[in-house]
Amino acid sequence: MRTKQMQLQRIQHLAHEIMDKMNKDSECPDCPTSKIVIDNLSRALGNLADPFGNYSLEYVGEKVEKAHYLLFKNEKKLKIK
């Protein structure tokens, strides 16, 4: 079982990789998967922004991992836990 801190570090690491790739690749903002990536990240942020503090790290992690996978197409990175 992973601790909350470990989950947050993993989510943060994946989010940084996504940000770097989106900023580095000039063609990526126009790629067909960009809408799905943005949708997944928006859902993750929306879940974290619950004013009552009811959020699920598992849900946020799942959405960030999905966005990461769509950009990198690397299942091994997705499965590392």
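**Entry 1: conventions**

A crossing of two helices is left-handed if the near helix is turned anticlockwise from the far one by less than a right angle, and right-handed if clockwise. I began with that convention, and with it I read helix 2 as passing helix 3 in a left-handed crossing. I note that the model is a predicted one, in which local features need pLDDT of at least 70 and side-chain atom pairs count only at pLDDT 80 or more, whereas totals for chains, interfaces and linings use all residues. Residues are numbered from 1 along each chain as its sequence is written, and side-chain values use heavy atoms, with hydrogens and water left out.

**Entry 2: the chain as a whole**

I looked up the secondary structure and found four helices and zero strands, where helices (H or I, at least four residues) and strands (E, at least two) are DSSP runs numbered from the N terminus. Read from the N terminus on, the order of elements is α-α-α-α. Of the 81 residues in the protein, 30% are buried; buried means under 20% relative accessible area, exposed over 50%, and partly exposed in between, with a 1.4 Å probe and protein chains only. For contacts (heavy atoms within 4.5 Å) with a separation of 6 or more, I noted that 61% come from residues 24 or more positions apart.

**Entry 3: helix 2 against helix 3**

Two packed helices are described by the angle between their axes and the distance between the axes. The axes of helix 2 and helix 3 come within 8 Å and cross at roughly 165 degrees, which makes helix 2 roughly antiparallel to helix 3. Here the axes are lines fitted to C-alpha atoms, for helices over the stretch in contact, and angles run from 0 to 180 degrees between N-to-C directions. Angles under 35 degrees count as roughly parallel, over 145 as roughly antiparallel, 65 to 115 as roughly perpendicular and the rest as oblique.

Returning to the left-handed crossing of helix 2 and helix 3, I listed who makes the contact: Ile36, Val37, Asn40, Leu41, Arg43, Ala44, Asn47 and Leu48 come from helix 2, and Tyr59, Val60, Lys63, Val64, Lys66, Ala67, Leu70 and Leu71 from helix 3. Sorted by class, this contact has eleven nonpolar, two polar and three charged residues, with Ala, Val, Leu, Ile, Met, Phe, Trp, Tyr, Cys and Pro counted as nonpolar, Asp, Glu, Lys and Arg as charged, and the others, Gly among them, as polar.

I also checked tyrosine 69, which is found in helix 3 and counts as partly exposed at 26% relative accessibility. From valine 37 it is 32 residues away in sequence and 9.1 Å away in space, C-alpha to C-alpha.

**Entry 4: helix 1 against helix 3**

Helix 1 and helix 3 pack at an angle of about 30 degrees with their axes 9 Å apart, and are therefore roughly parallel to each other. Their crossing is left-handed. Among the residues in this contact are Arg10, Ile11, Leu14 and Ile18 of helix 1 and Val60, Val64, Glu65 and His68 of helix 3. By class, the contact of helix 1 with helix 3 has twelve nonpolar, three polar and six charged residues.

Two positions of helix 1 were looked up one by one. Leucine 14, in helix 1, is buried with a relative accessible area of 4%, and, not counting residues up to four places away in sequence, leucine 14 touches Val64, Glu65 and His68. The C-alpha atoms of leucine 14 and valine 64 are 6.9 Å apart, across 50 residues of sequence. Histidine 13, also placed in helix 1, counts as partly exposed at 45% relative accessibility; histidine 13 and valine 64 are 51 residues apart in sequence and 9.9 Å apart in space, C-alpha to C-alpha.

**Entry 5: salt bridges**

Side chains of opposite charge can pair when their charged atoms come close. I found two salt bridges in the structure, each defined by a side-chain nitrogen of Lys or Arg within 4 Å of a carboxyl oxygen of Asp or Glu.

In one of them, arginine 10 pairs with glutamate 65, and the closest N and O atoms are 3.1 Å apart. This pair links distant parts of the chain, 55 residues apart, with arginine 10 in helix 1 (residues 4–24) and glutamate 65 in helix 3 (residues 57–72). Both arginine 10 and glutamate 65 are buried.

Aspartate 39 and arginine 43 also meet in a salt bridge, at 2.9 Å from N to O. Both lie in helix 2 (residues 34–48), four residues apart, about one turn of the helix. Aspartate 39 is partly exposed at 33% relative accessibility, and arginine 43 is partly exposed with a relative accessible area of 44%.
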